[in-house]
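The following account leads from the whole complex to individual residues.

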Amino acid sequence: MSDTTKHFDIVIVGAGPAGMAAAVAASQSHRSVAVIESNPWTGGQLWRRPDAAATPRAGRHWHARFKACKAHLITEASVGDSIAPGHLLVETPASAFNLFYDRLIMAVGAREQFMPFPGWTLPNVFGAGGLQLLAKSGWPLQGKRVVVAGSGPLLLAVGAQLRKRGARVLCIAEQTSLKHLVRFGLTLPRLGPSKLWQALVCQSQLLGVPYRTGYWPIQAHGTDRLEGVTLRRANGATWNVTCDMLGCAFGMVPNLELARLLGCDIEQGTVRVDTWQKTSVNQVYCAGEPTGVGGMDRALIEGQIAGYAVTDQPDKARALFGPRQKTHDFTRVLNQGFALRDELRTLTTPDTIVCRCEDVTAAQLACCDDFRTARLYTRCGMGPCQGRNCSTATHTLYGWETEFSRPPVTPIRVRSLVDLSVEKE
Amino acid sequence: MSKHLTLSVNGRSLTVPEGTVLAVALAEAGVTQFRRSVKGQARGPLCGMGICFECSVTIDGKLHQRSCQTLCQEGMEVTTDE
């Protein structure tokens with residue numbers, strides 16, 4: 001087999017919790033297994049490698065199991081395209097190759113949801129989890145004044161972590177009202193991860209970081225970098241905070257580009273799968289966040305089920321159906337508890353940038369009826385991120401749907417396309 | 001003691017511990033503007049996970065490389081849009 005062609009019985013895209021669990025499960029068979037990961041490290045966003053010393057016990061456990069399993073790992077590898085069933089075009093910094101599989105598991109995780117507001121493109125305005133990831137990698141935070149804003153349980157973890165790393169966390173602004181939060185908190189004990197939630201809340205209180213519910217950012221101030229942020233609350237009162245950094249995100253949304261490229265059915269923003277984690281496309285499976293954002297527990301369980309299913313170990317998979325249901329209940333409660341308030345859809349002014357790659361403003365998009373028209377007339381979604389940020393934003397702002405992924409789903413070198421022309425059968 | 005390596009950022013040399021993520025090395029070196037947008041606005045990292053491309057820099061002549069997903073290498077030549 002040449003350098004530019006590889007074949008494995010099972011290919012797993014993504015080496016986060018779901019992908020690692022899938023690899024461990026699939027490796028308990030006689031099939032050949034490969035895992036491709038776009039980062040230089042394994043562990044996904046939750047357990048990323050440069051932070052190995054601070055990785056929690058579950059992460060160390062799964063890293064050890066993953067390392068011990070026989071799966072072949074290819075890092076810094078992105079899927080650019082798929083031109084036939086069973087084929088992926090994969091690119092690494094050094095080369096590109098055609099990767100053929102019998103069965104595929106997509107374990108591609110989720111990203112943060114950003115909502116455009118004036119000033120959100122300024123340097124030092126980050127995602128909330130984004131800032132946490134950079135902090136884990138050593139981003140300088142000592143003495144920095146930071147505001148954490150947006151929505152979801154993650155904000156508390158972010159605030160606590162930033163503070164631990166020397167930042168002055170001025171406040172955590174959660175858009176959800178206290179009423180919704182209390183309801184969420186009351187539902188949790190039945191669902192398991194409550195310990196995590198309690199630990200986070202307690203930790204946050206102990207640290208003395210103000211946690212303000214029913215607040216959201218309406219403007220980031222600064223010229224060439226962030227200098228402050230204005231927060232608003234439901235009664236219309238505003239509050240200006242001078243700060244060096246803002247970590248802001250409104251929950252997580254699944255990464256759907258690969259599923260769309262392969263033609264998998266998407267339902268209500270998630271990849272539709274059956275009890276074996278199989279998608280609507282033959283031989284293609286999906287596990288973790290793309291089937292519904294539910295965090296680590298869900299990713300690990302679905303990853304294992306998919307790994308067992310693709311290697312014909314149904315009994316082992318079936319044993320995890322019960323635990324999986326519990327994590328699905330958690331997803332439902334999470335979505336209800338942190339539903340976005342309508343005010344967040346009205347934060348843009350005419351000159352607020354919605355598509356950051358192509359600098360397309362809200363005023364330009366006001367003339368468009370759908371995402372396709374916006375692409376054609378404004379270049380919205382045509383930049384390097386391929387609409388990953390603005391498709392979510394325009395869906396939330398204007399209700400636009402994205403039906404397809406336009407290959408390449410990640411930017412690849414023209415050289416790779418030329419080198420790897422594969423004949424369609 | 002961990003090993004160190006030296007790279008070049010906009011022509012200035014920078015020494016960092018092995019395993020340092022490039023975006024972090026740039027921040028340590030005082031860079032806030034990683035790229036200029038198509039209309040010339042200053043931009044820096046947003047998502048930290050390879051989604052948004054706002055941390056893109058030029059590495060060894062290759063454009064649009066995501067610094068948040070790149071580990072520093074000995075002799076690497078990095079250019080940001082100053």
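The model is predicted, so local features need pLDDT of at least 70 and side-chain atom pairs count only at pLDDT 80 or more, whereas totals for chains, interfaces and linings use all residues. Residues are numbered from 1 along each chain as its sequence is written, and chains are lettered from A and ligands numbered from 1 in the order in which they are written.

The backbone of A:Glu76 has a positive phi of about 50° although the residue is not a glycine. Most residues other than glycine have a negative phi, and most peptide bonds are trans. With 17 C-beta neighbours inside 10 Å, A:Glu76 counts as partly exposed; a residue is buried if 20 or more other C-beta atoms lie within 10 Å of its own, exposed if 12 or fewer, and partly exposed in between, with C-beta atoms placed from the backbone. A:Gln283 also has a positive phi, of about 70°, without being a glycine. This residue lies in the loop between strand E18 (270-271) and strand E19 (284-286) of chain A, and its 15 C-beta neighbours inside 10 Å make it partly exposed. A further backbone feature is the cis peptide bond from A:Pro407 to A:Pro408, with omega near -5°. A:Pro408 is found in the loop between helix H13 (390-398) and helix H14 (414-419) of chain A.

Turning to the complex as a whole, the predictor gives an ipTM of 0.96 and a pTM of 0.92. For chain B, the mean pLDDT (the predictor's confidence in each residue, from 0 to 100) is 94, and 98% of the residues reach 70 or more.

Chain A comprises 14 helices and 21 strands. Its radius of gyration, taken over C-alpha atoms, is 22 Å, close to the 22 Å that the globule rule gives for 425 residues, so chain A is as compact as a globular protein of that length; the rule is 2.2 Å times the number of residues to the power 0.38. The C-alpha trace of chain A spans about 65 × 50 × 35 Å along its principal axes. Of the 425 residues in chain A, 51% are buried. Among the contacts in chain A with a separation of 6 or more, 65% are between residues 24 or more positions apart, two residues being in contact if their C-beta atoms, placed from the backbone, lie within 7 Å.

The domain assignment of chain A gives domain 1 (5-111 + 253-335), domain 2 (114-250) and domain 3 (348-398); such bounds come from an automatic or database domain assignment. The C-alpha centres of domain 1 of chain A and domain 2 of chain A lie 29 Å apart.

Which parts of chain A cover the buried residues of H1(A)? The cover includes strand E1 (5-13), strand E2 (33-36), helix H2 (57-68), strand E6 (96-106) and helix H8 (295-310) of chain A. In helix H1 (residues 17-26) of chain A, 10 of the 10 residues are buried, so this helix is largely enclosed by the rest of the structure. The buried residues include A:Met20 and A:Val24.

Strand E6 of chain A holds A:Leu99, which is buried, with 23 other C-beta atoms within 10 Å. A:Leu99 touches A:Lys6, A:Val11, A:Leu88 and A:Val90, not counting residues up to four places away in sequence. A:Leu99 and A:Thr4, although 95 residues apart in sequence, are 8.3 Å apart in space, C-alpha to C-alpha.

Elsewhere in chain A, five strands form an open sheet in the order E8-E15-E9-E10-E11, with parallel pairing; two strands pair if DSSP finds at least two bridges between them. Strand E8 (125-126) and strand E11 (211-213) of chain A stand at the edges, each with a single partner strand, so one side of each is left without a neighbour in the sheet. Three bridges join strand E10 (residues 168-174) of chain A to E11(A), and A:Glu174 stands opposite A:Thr213 in E11(A).

The contact between the chains takes 30 residues from chain B and 31 residues from chain A. On the side of chain B that touches chain A, helix H1 (22-28) and strand E4 (42-43) of chain B each supply at least two residues, and H1(B) gives the most, with four residues.
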